[in-house]
Amino acid sequence: MSFAADFPKDSAFNKAKARYFATPTDAVVSALFAAFAVWILWSLANWALLHAVFGANQRDACMATEGACWSVVSTRWRIVLFGLYPFEEQWRSAIACVVMVVVAALSCVPWFWSARRLPPLWIAGFAIFYVLMRGGWFGLREVTEQNWGGLSLTIFIFAAVSLLGMPLAIVFALLRRSDLPWIARTMALVIDVIRSLPLLSIMFTFAIVMPFVLPDWAIGDKLYRVIVGYALFFACYQAEIIRGGMQALPAGQEEAAKALGLTYWHRIGYIVLPQAFRNALPPTINQFVITFKETSLVTIIGFFDVMASGRAASGNADWNFATIEMYVFVALIFFVFVFTLSRYGAYLERRLGVGRR
Amino acid sequence: MKLALKALLVSTALVASSQVAHAQVAGDSRLKTVQDRGKLLCSGHNGSFLGFAEVDDQGNWKGVDIDLCKALAAGLFGKSEGALEIVPISWAQRWPALQSGDIDAVIKVSGWTQSRDTELNLAYSQPYFIGAFQVMSHASLGAQTLADLDGGSICVAAGTSTERALATYLETKAIQAEVLTFENGDELRNAYYEARCDGMVEWAPSLAASRVDAPDGADAHTILPDVLDLEAEGIIVPENDADWLDVQNWMLSSLWFAEANGITSANVDEIKANPPSATIEKFLGVTPGYGERLGLSDDWAYNMIKEVGNMAEIYDRNLGSGSRYNLPRGINALYSDGGVFYPLIVD
């Protein structure tokens with residue numbers, strides 16, 4: 001005797017019926033929510049698409065319509081992407097930005113994951129970026145760091161912070177686990193102190209207070225000081241994430257490695273770190289996402305990152321009424337990058353089999 | 001004992017000599033630094049501030065503050081192109097950036113307050129703009145002054161100096177109006193646009209912007225002439241730098257002097273060729289003295305006027321009738337036009 005025959009056939013209609021309209025109460029609630037969802041989508045489409053103005057320089061049409069004014073984006077998108085970079089030279093900023101994205105994308109490919117391939121790739125990437133953005137060589141006009149801006153600046157800060165911060169985080173995590181108590185305790189103190197300070201105040205200190213304290217030769221440009229400060233902040237958080245990954249390993253593994261006569265560096269490099277990273281992958285991706293989004297804090301020290309550029313783009317006599325549209329556009333840019341990042345994280349998790357042990 | 005005495009002497013001498021060296025550095029005017037550098041570093045904005053520092057479609061700065069930076073650079077170096085760098089800075093960054101030398105002067109709609117003047121070691125030039133708190137009202141109500149809103153309602157941002165100013169003004173003028181407060185600027189504007197109140201109080205340039213952006217058009221709103229309170233915006237330089245401060249004051253005075261004497265960017269060449277008076281001759285650098293006393297070239301005022309025009313031109317282009325804001329000049333005009341500003345005497 002088979003029970004299968006008693007159940008209705010598993011069609012989409014039946015499935016939906018079973019899920020959403022099983023009882024009269026279910027049906028009412030489902031219908032209400034469906035109507036609400038349709039209404040929201042409809043008003044959104046009405047605003048964003050049907051009644052929207054898309055063409056460049058159509059302020060008057062914008063003032064007349066009820067819908068969104070995408071004209072502000074099509075007129076002033078270059079400010080969002082390039083900030084205050086000189087108008088005729090913006091192609092350089094565009095190429096530099098693409099180079100950074102390509103390098104970041106390449107280093108996500110497993111083939112590049114080796115000490116012989118990854119560092120040259122990033123050094124080349126940063127060198128091309130710097131030469132293109134800064135100029136002063138090969139007949140390119142010089143553009144100082146304070147005029148960098150927009151998406152290129154955001155990506156540059158993010159890449160530089162991650163690349164400086166990650167090795168630093170590993171060093172911090174290892175020092176914190178040191179067998180010598182004074183090293184471990186000092187490191188713990190440093191990490192906890194930096195973690196207890198707001199990122200904003202760290203950036204402000206590095207950008208503005210440092211020049212009063214440092215000797216002249218060590219000052220450098222504000223941009224690089226901020227990156228160093230931010231990288232330090234990143235490293236302290238990431239160090240704790242890595243330490244968490246390390247502590248999840250059974251102590252027996254390291255002891256077994258010791259018993260086999262492996263040196264410290266072999267134990268760390270072949271046994272501990274690879275597994276620690278695998279354990280710590282989800283929070284690490286999380287940390288990268290947060291870091292990307294918090295780059296917009298550099299606006300407090302006068303940098304034109306994507307966010308500040310967006311505000312400048314809608315903040316003039318002509319377009320001041322269209323701030324919402326500009327924020328939506330900036331949000332879309334952030335979404336593209338952060339969503340890609342989190343999808344890549346999900347791919348890595350599948351590949352490394354995190355959560356499948 | 002003898003050794004200790006010797007150490008004490010040596011250290012005293014060291015301290016004394018370091019103080020002398022310090023005094024010399026402080027005596028170096030920022031004016032000299034800027035001239036040696038060949039470039040003026042002026043304050044910009046991290047984003048925009050309507051009418052004072054905005055970014056055009058090509059990413060170039062414009063606005064009242066930016067024009068004053070241009071005037072200063074033109075006065076120092078003949079023209080601003082290549083000699084002016086607008087450094088984007090945030091509000092919080094203004095004072096440290098000035099002290100550390102990231103910028104040479106703060107021209108960033110900054111009000112003259114006692115604590116800034118005394119505790120922060122800053123020196124203010126004479127004000128170049130008076131930021132008035134005014135009331136905007138629906139034109140359909142036909143109000144001419146704030147007194148006409150007696151018995152009505154007025155919207156204001158909560159917990160701000162504008163709220164305090166409104167309360168005081170209503171009390172002293174014995175106007176009975178209901179005051180509605182809102183947490184932020186957007187809420188405030190929307191409440192006013194939706195006619196939940198008859199009038200709205202804000203800083204005049206912001207009011208002008210809200211008027212332009214009104215959904216029912218700018219003509220449906222009037223800015224009433226009553227001034228509830230005001231803030232004087234000046235140019236800020238480090239304290240104890242008289243030479244640099246003099247340049248700021250005389251730059252502003254020159255812009256008003258040009259306006260009072262009808263000298264504009266369009267006719268300055270003509271007037272320089274046929275100066276109507278000995279004073280104007282001197283002012284435009286035909287006869288020596290006007291620039292030299294400040295450590296500048298004698299035709300520095302001419303260079304400024306040539307590039308940005310007089311104060312009226314700067315105002316009209318950025319806030320007044322030549323701009324979208326169309327903000328009447330009011331108290332920001334010359335004394336002869338009913339304002340509070342005046343040029344200093346050129347002798």
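## Phe304(A) and its surroundings

Setting aside neighbours within four places in sequence, Phe304(A) is in contact with Gly83(A), Leu84(A), Gly149(A), Gly150(A), Leu153(A), Ser309(A), Ala312(A) and Pro88(B). The list includes a residue of chain B, Pro88(B). The model is predicted.

Phe304(A) sits in strand 1 of chain A, residues 304-305. Is Phe304(A) buried or exposed? Phe304(A) has 32 other C-beta atoms within 10 Å, so it is buried; the cut-off for that class is 20 or more. Val38(A) is 266 residues away along the chain. The C-alpha atoms of Phe304(A) and Val38(A) are separated by 39 Å.

## Where chain A touches chain B

How many residues does each chain give to the contact? Chain A gives 25 residues and chain B gives 24 residues. On the chain A side, the elements that give two or more residues are helix 4 (71-82), helix 9 (199-213) and helix 14 (306-314). Helix 4 of chain A supplies the largest share, 4 residues.

By class, the side of chain A that touches chain B holds 15 nonpolar, 7 polar and 3 charged residues.

## Annotated transmembrane regions of chain A

An unreviewed UniProt entry annotates "transmembrane region" in chain A at residues 20-42, 91-113, 120-140, 152-175, 196-214 and 326-347. Two of these spans are described here.

Residues 326-347 of chain A are 100% helix and 0% strand. Their end C-alpha atoms are 32 Å apart. Residues 120-140 of chain A are 71% helix and 0% strand. For that span, the end C-alpha atoms lie 24 Å apart.

## Leu132(A) in helix 6

Leu132(A) belongs to helix 6 of chain A, which covers residues 118-134. Why is Leu132(A) classed as buried? Leu132(A) is buried because 22 other C-beta atoms lie within 10 Å, and the class needs 20 or more.

Which residues does Leu132(A) contact, apart from neighbours within four places in sequence? They are Arg92(A), Ile95(A) and Ala96(A). Leu260(A) is 128 residues from Leu132(A) in sequence. In space, the two are 51 Å apart, C-alpha to C-alpha.

## The largest nonpolar core

The largest nonpolar core has 176 residues. Met100(A), Met203(A) and Cys42(B) touch the most other members. Domain 1 (30-121 + 239-323) and domain 2 (130-230) of chain B both contribute residues, so the core lies between them.

Met203(A) has contacts beyond its neighbours within four places in sequence. These are Val226(A), Gly229(A), Tyr230(A), Leu297(A), Val298(A), Ile300(A) and Ile301(A).

## Chain B and its domains

Chain B divides into domain 1, residues 30-121 + 239-323, and domain 2, residues 130-230. The C-alpha centres of domain 1 and domain 2 of chain B lie 32 Å apart. Their contact takes 4 residues from domain 1 and 5 residues from domain 2. On the domain 1 side, 3 residues are nonpolar, 1 is polar and none is charged.

UniProt, in an unreviewed entry, places the feature "domain: Solute-binding protein family 3/N-terminal" at residues 40-271 of chain B. That span is 34% helix and 25% strand. The end C-alpha atoms of residues 40-271 of chain B lie 28 Å apart.

Notes: Residues are numbered from 1 along each chain as its sequence is written. Chains are lettered from A and ligands numbered from 1 in the order in which they are written. This is a predicted model: local features need pLDDT of at least 70, side-chain atom pairs count only at pLDDT 80 or more; totals for chains, interfaces and linings use all residues. UniProt positions are given in the numbering used here, feature names are shortened, and annotations may be inferred rather than shown by experiment. A nonpolar core is a set of buried Ala, Val, Leu, Ile, Met, Phe, Trp, Tyr and Cys residues joined through C-beta atoms within 7 Å. A residue is buried if 20 or more other C-beta atoms lie within 10 Å of its own, exposed if 12 or fewer, and partly exposed in between; C-beta atoms are placed from the backbone. Domain bounds come from an automatic or database domain assignment. Two residues are in contact if their C-beta atoms, placed from the backbone, lie within 7 Å. Ala, Val, Leu, Ile, Met, Phe, Trp, Tyr, Cys and Pro count as nonpolar, Asp, Glu, Lys and Arg as charged, and the others, Gly among them, as polar.
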